[in-house]
Amino acid sequence: MEIMIYFHLLIYFIFLTLFVVSSNAKFLSPLNSTYIMQARKRFMSIDPTKLSDPPMPTYSFSIYHRDVFEKSKFKDYDSLPDNRIARCNARASYLASTFEDDHCDVKEGGNSTLLITRQQVAGGGKIREIVPKSTEVTCVNSEYLASFLIGSQLVKNYLLVDTGSTLLWWQCGPCEANKCYKQDQPIYDLTTSRTSRKVDCIRRSSYCITEDRDFHCDQYSSECIYSKRYVDESRTNGFMADDVIYFVLGMKPIRVTFGCSKHQSGDFSSSNSGILGLGRKVFPTEKGGYSLPSQFRSNLMSMCLPTFYSGKGSVLSFHTSKWPGATKAKLLPNYKYPTHYFVNLYKVFVNDKEVQVNPSWWKFKRDMSGGIFVDTGTTFTRFPYDFYILFRYLFRAQVRDIPLVNSTVGPFDTCYEGDPGGDDLFFPVVKLYFGSVSPTTMLFLDHECVMMKYRGFYCLAFVGWKNNYGILGVNQLQGVALTFDTSENKLAFDIDACD
C-alpha cells in the first residue's frame with residue numbers, strides 16, 4: 001500500500017514539474033539576433049497612418065509606443081535607442097531635480113546644479129548631468145501616447161502618457177506666429193469648437209487651483225493662467241479651459257478641464273500635441289485636481305504598455321480593468337512626493353539568487369525619501385547605486401559562456417558580445433517581489449525585459465544612480481498590464497497581456 005502511495009506521489013510530482021516547465025516555456029525563450037533584427041525590420045515598415053484605432057467605450061483610450069510615430073525621423077531602428085536613452089536621461093534629470101536628496105554629490109555653479117548621477121566602475125569614468133536648481137520644473141518626456149477625440153469637431157490628437165504629472169494640456173489654436181510647435185495632427189482650435197469655454201477663475205474659483213504656484217488668477221481677464229517649465233528649458237504657457245472628449249462607442253462626451261497651451265518654446269515632438277497627466281490626486285476633494293483620474297473621479301485606472309517594437313496599440317481605461325491582477329503590490333502614499341505611484345518592493349532575485357540586502361532597504365526613510373515608484377516616462381529601471389552594484393555583480397555571476405564587454409556601452413556598464421552566427425543566447429531572468437516572497441507577489445521579467453540589444457551588444461537594461469530612491473521603468477514593464485487601485489492602495493501586474 002505504501003509503495004502505491006509513493007508511486008502516485010512520484011507520478012504527481014513528475015506531472016507537476018512538467019506542467020510548470022511547459023507553462024513557463026515562453027519565459028525560457030532565448031535571445032536571438034536574427035529574430036530581433038526581423039522584428040525591428042517589421043516595426044520600421046509599419047505605416048502609422050494605417051494603425052488600427054479600434055472604437056473605445058467611455059473612459060477608455062488607445063495607447064501606442066511613441067516610436068511608432070517617430071521612427072520615420074531615423075534612418076534605421078538602431079538610431080532609435082539613442083533617442084530613447086536621451087529621453088530617459090532627461091527624465092532622470094527632471095526627477096533628480098524634484099526630489100530632495102541629501103545623498104547626491106552636488107556642486108553649485110551658475111544657475112544649475114551639477115549632479116553626479118552614476119559612477120561607472122567598469123569604465124572608470126563618470127556621467128554628469130546638469131539639473132536646474134528650481135523645483136518648479138516638469139518633464140516633457142514619456143514613452144507612450146494616448147489617442148483623443150477633442151471638441152465638437154472631433155479633432156484627433158495624441159498626448160504623452162505621464163504618471164508623474166498632474167496636468168492635462170494640449171496645443172490650442174488659433175496660434176500666433178512661432179508660438180506653437182509643428183505637430184503631425186491638426187491643432188485643436190478653441191474658437192471653432194462649439195463646446196469649449198474658458199475657465200472663469202473669478203466666478204469658478206474652484207477650477208483654478210492656485211495652491212499650485214504654476215497657476216494664478218488674472219483679475220483683469222478672469223483667466224486661470226498657467227506656466228510650465230521643463231527640465232530641458234522648454235516651456236508651455238496658456239490658460240485653463242474645458243471642452244468635451246468623445247468615445248466612439250456610444251459617442252458619449254465627457255467634459256474635461258485642460259491647459260489650453262498658446263505659447264510653446266523649446267524641444268517638443270511633432271508626434272504629440274501635449275501631456276496626459278495621470279499622477280495621483282494631490283489636492284482636497286473640493287479642488288479635485290487636473291489629472292485625468294481626478295477629473296474622472298476614478299480610483300481605478302488600468303493600462304497595458306505595448307512592447308517597444310510590436311507596433312500594436314493597447315488600451316488605457318478608467319473605472320475598470322479587464323485583467324485579473326496576477327501579481328499584486330501595495331501602493332504606498334508618500335506625503336512628500338504625493339503624485340508618484342510608490343510600491344512596496346521587498347526583494348529582487350536574479351534567477352533564484354537573492355540580491356542580499358536588509359528587507360527594510362526599500363522602505364521610506366524618516367524624511368519619506370527612498371522607496372521605488374512606477375513611472376511611464378522613465379525607460380530603464382534605476383536602482384540606487386549601492387543596490388545596483390550588488391545586483392550587477394549577481395547578474396554577471398549568473399551569465400555563462402557569453403563574453404563580457406570590458407567597457408561601458410552608452411549608459412550601460414554590463415554588456416555582452418553579440419552572436420554573429422545567430423546562435424541563441426540565454427541570460428538570467430529577474431524576479432521582483434512585493435511585500436513578501438510568494439507567487440502572487442512576483443513580477444517575472446524575462447530576457448527581453450532584462451536585456452537590450454544595443455550597438456551590436458546585449459546590455460543589462462538597468463541603470464544605477466546616486467539617488468536613494470528607485471524608479472521602475474517601462475523597459476521592464478513592456479507587455480505588462482498595470483491596474484492602479486488608489487481606493488485600496490494596490491497595483492496589479494499582468495505579464496504578456498498586451499500583444
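## Two residues with positive phi

Asp401 is found in the loop between helix H6 (385-398) and strand S23 (415-416), where helices (H or I, at least four residues) and strands (E, at least two) are DSSP runs, numbered from the N terminus. Although Asp401 is not a glycine, Asp401 has a positive phi of about 60°. Asp401 is exposed, with a relative accessible area of 82%; here buried means under 20% relative accessible area, exposed over 50%, and partly exposed in between, with a 1.4 Å probe and protein chains only. The structure is a predicted model, in which local features need pLDDT of at least 70 and side-chain atom pairs count only at pLDDT 80 or more, while totals for chains, interfaces and linings use all residues. Residues are numbered from 1 along each chain as its sequence is written, and side-chain values use heavy atoms, with hydrogens and water left out.

A second case is Arg455, which is not a glycine and yet has a positive phi of about 55°. Arg455 sits in the loop between strand S26 (451-454) and strand S27 (457-460), and Arg455 is exposed, with a relative accessible area of 54%. As background, most residues other than glycine have a negative phi, and most peptide bonds are trans.

## A cis peptide bond

Which two residues are joined by a cis peptide bond? The bond joins Gly173 and Pro174, and its omega is about 0°. Pro174 belongs to the loop between S8 and S9.

## The disulfides

A disulfide is a covalent bond between the sulfur atoms of two cysteines. When the bonded cysteines are counted along the chain, the disulfides follow the pattern 1-8, 2-3, 4-6, 5-7, 9-12, 10-11.

One of these disulfides joins Cys172 to Cys260, with an S to S distance of 1.9 Å. This pair links distant parts of the chain, 88 residues apart, with Cys172 in the loop between strand S8 (168-171) and strand S9 (197-198) and Cys260 in strand S13 (residues 254-265). The torsion about the S-S bond of Cys172 and Cys260 is about -80°, so this disulfide is left-handed, and both Cys172 and Cys260 are buried.

Another disulfide is formed by Cys201 and Cys217, whose sulfur atoms are 2.0 Å apart. Because Cys201 lies in the loop between S9 and strand S10 (215-217) and Cys217 in strand S10, the pair ties together parts that are 16 residues apart in sequence. Its torsion about the S-S bond is about 75°, so the disulfide of Cys201 and Cys217 is right-handed, and Cys201 and Cys217 are both buried.

Cys304 is joined to Cys498 by a disulfide as well, with an S to S distance of 2.0 Å. Cys304 lies in strand S15 (residues 300-304) and Cys498 in the segment after strand S31 (490-494), so the pair ties together parts that are 194 residues apart in sequence. A torsion of about -100° about the S-S bond of Cys304 and Cys498 makes this disulfide left-handed, and both Cys304 and Cys498 are buried.

## The chain as a whole

The chain has seven helices and 31 strands, and of its 499 residues, 56% count as buried. With a contact meaning heavy atoms within 4.5 Å, residues 24 or more positions apart account for 69% of the contacts in the chain with a separation of 6 or more.

Methods
A disulfide is a pair of cysteine sulfur atoms within 2.5 Å.
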